[in-house]
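Please look through the structure shown here with the following explanation at hand, which takes up one region after another.

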Amino acid sequence: MSQLSITLLRMGFLVLLWALVLSAIAVLRADLYGTRVTARGRGRESRKRDDARAEKTASPSRAATGVRAGAISTKDPSAGHLAVTGGPLKGTTIPLGTAPVLVGRASTCTLVIDDDYCSARHCRIYPEGDRWMVEDLGSTNGTYLGNQKVTDPVPLREGEVVRLGATSLELRR
Amino acid sequence: MATVTDVKVRTGRRGELGLLGLAVAIAVLARGLVDYHAAYLEIDQMLIYAGACTAVALGIHLAIRRWAPYADPVLVPAVLGLNGIGLAMIRRIDFAYAARGRETDFGQIQTMWTLIGIGLAIAVLVIVRDYRVLRRFTYTAGVLGLIGLLLPLVPGLGLQINGARIWISVFGRSLQPGEFAKIAFVIFFAGYLVSNRDTLALAGPKVLGMRFPRPRDMGPLALVWAAAMLVQIYERDLGTSLLLFGIFLSMLYVATERISWVIVGMGMFAVGAVAAGALFSHVGSRYTAWLHALDASVYSSGASEQLVRGLFGMASGGLFGTGLGEGRPDLVPYAESDFIFASLGEELGLTGLMAILTLYVIIVQRAMRTAIGVRHGFGKLLATGLGFAMALQTFIVVGGVTRVIPLTGLTTPFLAYGGSSMLANWIVVGLLLRISDQARRPDEVAA
């Protein structure tokens, strides 16, 4: 073999070595990014629910009311959402409709919080007339509205902060 | 609301097959270059070798498909690639020794150990169907590890080679029981820590804004520290001692999530190592050979000769190396085992060494990823421990050869000549494959 082909083979070996390294990394690419975050609410399920309701009652078009897709009721004028502003689920929003929202550690809750300082069924946020109320469900560590411990159901106004364990919630329109 | 879902993991078996092809190509091309430069190239022989490599790679691939279908796809190709490079390099050094009139057949022997090692890895997959079974043998593994560590000290059985007493002689062959003790200790530490981590994580006094563990919980750490120091003093081997202590410390950190353990442990080890260097002359002379390697007096006394020749070899390799079979790696004593990394540095250059180190990084990363993915606490600790053991061992050897830390007698996993290391590390691969298979397997409920 000529000197040139030997040199080429010698460099080719290094190239092959790096080809193995780089293609191994390419195979791993998917798992380097780990997890994928999908926004619910715009998912297939909620759209199906919207469609089902549309068959029963003719609701005004979403564009006309300006309400986000995925809100549970588009007719209720008080419709807004509950935003988690602190704690492990920070950044999560739950659209509010006419149904009460149960918060706690139990998997049956509407908002499931993985926090040792939360009770299984910690508190409930429910509509009464045109207001939203917060009610503590006998939790161990208590629910606070601002700095006040919630004992009896109290009205929750826009922008007020509900705290339970490390989590804080806020009502937004 | 937003949900966080894991990306669906493919089994990746097809990707593995492709990577195995590359690994086989590397092994065959390396051997071809070596044989050509030794004027020994025969096409028939090469075809047989290529066929054998392909058969072995296919064998592992099919075994994994059969017994661990969800196992990590990158682990085996990376290991096989390293192994193929190592085999070619050892064969190349055989030729170099033969040219100087010293007949050796390290290459043949190492090929045999590789085949047995691969067989052992497959045996691990077949026998250990569920890694959680290993937890039952926590204390058995601890005792076995201790026996393995202390065996070289038994008079009549232990062998002292080049100052270190880490071999035993069995059936006329030397065996390094420490390599197997490593695995036993990882199993023991994983089982012990998963049961006792809550106590060890309790907060103690606060010093300089950091919570330290309670002094009464220091028992296990002190015990392992004492064992590591005894190894360093009586077996005269810093490598095994550092490996043992490092594995325990890293697993303790992973189990308790307390950085203060690492600080306390590293402090203890540093104090112990310095004290041992000051008190025992044989430990001290190793430190001198490391710190003053390039002093004329130290070099001419022979203490740092091997290390310095290795450095010269790597320096002459430069960026792209002299090319496989074209350097003079045999000028370094033990070029086929302790100093194979320097030999590779000379012939493959920095480019080749970086690729090799990246392959190690990939192997270790896969172990850590497996630890993240697996749901069982024991499995997390086991995978972390095995991965970290491989990382630390590579660091100790490469650090020793490149003069970052004192030179020790550990072997480069999968590259260096040595049966014990080859077998033990293939067992580690088998265990990692098993754990990763269980970590990546979709839930049985969903299936």
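Helix 3 of chain B covers residues 75-99, and its 25 residues should span 36 Å at 1.5 Å a residue, which agrees with the 37 Å between its end C-alpha atoms; the expected span is 1.5 Å times one less than the number of residues. Helices here are DSSP runs of H or I with at least four residues, strands are runs of E with at least two, and both are numbered from the N terminus. Of the 25 residues of helix 3 of chain B, 21 are buried, so this helix is largely enclosed by the rest of the structure. A residue is called buried if 20 or more other C-beta atoms, placed from the backbone, lie within 10 Å of its own, exposed if 12 or fewer do, and partly exposed in between. After helix 3 of chain B comes G101(B), with a positive phi near 85 degrees.

This is a predicted model, in which local features need pLDDT of at least 70 and side-chain atom pairs count only at pLDDT 80 or more, while totals for chains, interfaces and linings use all residues. Residues are numbered from 1 along each chain as its sequence is written, and chains are lettered from A and ligands numbered from 1 in the order in which they are written.

Strand 2 of chain B is joined to strand 3 (residues 164-170) of chain B by three bridges, and I161(B) stands opposite A164(B) in strand 3 of chain B.

Two loop residues of chain B deserve a look for their backbone angles. E257(B), in the loop between helix 8 and helix 9 (259-279) of chain B, has a positive phi near 60 degrees although it is a residue other than glycine, and it counts as exposed because it has 9 C-beta neighbours inside 10 Å. Y334(B), which lies in the loop between helix 12 (305-317) and helix 13 (340-373) of chain B, is not a glycine either and has a positive phi of about 60 degrees; with 17 other C-beta atoms within 10 Å, Y334(B) is partly exposed.

Chain A, finally, comes to three helices and 12 strands, and buried residues make up 24% of its 173 residues.

Methods. Pairing = 2+ DSSP bridges.
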